[in-house]
Amino acid sequence: QVQLVESGGGLVQAGGSLRLSCAVSGSISRINIMAWYRQAPGKERELVASIANGGSPTYADSVKGRFTISTISGDNAKNTVDLQMNSLKAEDTAVYYCNARRLFPPAHYWGQGTQVTVSS
């Protein structure tokens with residue numbers, strides 16, 4: 001099993017910055033891809049940014065140049081996945097979810113979500 005706990009959400013004015021953090025623990029050695037998703041009210045969950053083991057980050061077009069995903073390998077089978085969000089816009093308002101994906105056998109693990117609200 002893999003456990004994900006997000007932190008760092010909140011209320012920020014348009015143009016401001018927030019940093020989300022996801023603490024990952026458990027059977028992390030079998031995780032292949034880490035990602036951040038978001039879901040705005042009335043909309044489907046969408047992929048914001050992802051990074052595969054040994055790969056380069058990828059971003060949704062709507063956040064390119066503003067968001068940065070990064071991972072830190074820690075001790076005791078714990079990792080951290082951060083999402084630095086700059087130049088925030090009102091349309092970035094959503095619940096943000098940390099995601100860990102295992103390819104074989106396939107599995108997705110989710111955090112509980114953290115609310116980000118950008119006031120215009």
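The protein exposes about 6500 Å², of which carbon and sulfur atoms supply 49%; accessible areas come from the Shrake-Rupley method with a 1.4 Å probe, and for residues only the protein chains shown count as cover. The model is predicted, so that local features need pLDDT of at least 70 and side-chain atom pairs count only at pLDDT 80 or more, whereas totals for chains, interfaces and linings use all residues. Residues are numbered from 1 along each chain as its sequence is written, and side-chain values use heavy atoms, with hydrogens and water left out. Buried residues make up 39% of the 120 residues, where buried means under 20% relative accessible area, exposed over 50%, and partly exposed in between (1.4 Å probe, protein chains only).

The secondary structure comprises eleven strands and zero helices; helices (H or I, at least four residues) and strands (E, at least two) are DSSP runs, numbered from the N terminus. The radius of gyration of the protein is 14 Å, which agrees with the value near 14 Å for a compact globule of 120 residues; this radius is taken over C-alpha atoms, and the globule rule is 2.2 Å times the number of residues to the power 0.38. Along the principal axes, the C-alpha atoms fill a box of roughly 40 × 30 × 25 Å. Among contacts (heavy atoms within 4.5 Å) with a separation of 6 or more, 55% join residues 24 or more positions apart. The mean positions of the 11 positive and 8 negative charges are 4 Å apart. Lys and Arg count as positive and Asp and Glu as negative, while His and the chain ends are not counted; the place of a charge is NZ of Lys, CZ of Arg, CG of Asp or CD of Glu.

In soluble globular proteins, nonpolar side chains tend to be buried together. The largest nonpolar core here contains 31 residues, of which Leu-4, Met-34, Trp-36, Leu-83, Met-85 and Tyr-96 touch the most other members; such a core is a set of buried Ala, Val, Leu, Ile, Met, Phe, Trp, Tyr and Cys residues joined through side-chain atoms within 4.5 Å. Beyond four places in sequence, the contacts of Tyr-96 include Trp-36, Val-48, Leu-83, Met-85 and Val-116.

Val-48, in strand S5 (residues 46–52), is buried, with a relative accessible area of 1%. Val-116, in strand S11 (residues 114–119), counts as buried at 0% relative accessibility. With the same exclusion of neighbours within four places, the contacts of Val-116 include Gly-9, Leu-18, Met-85, Ala-94 and Tyr-96.

Backbone features were also noted in loops. The peptide bond from Phe-104 to Pro-105 is cis, with omega near -15°, and Pro-105 lies in the loop between strand S9 (94–102) and strand S10 (107–110). Phe-104 is found in the loop between S9 and S10 and counts as exposed at 73% relative accessibility. Phe-104 touches Arg-30 and Asn-32, residues up to four places away in sequence not being counted. The C-alpha atoms of Phe-104 and Ile-31, 73 residues apart in sequence, are 9.2 Å apart in space. In the loop between strand S8 (78–85) and S9, Ser-87 has a phi near 50°, a positive value in a residue other than glycine. At 41% relative accessibility, Ser-87 counts as partly exposed.
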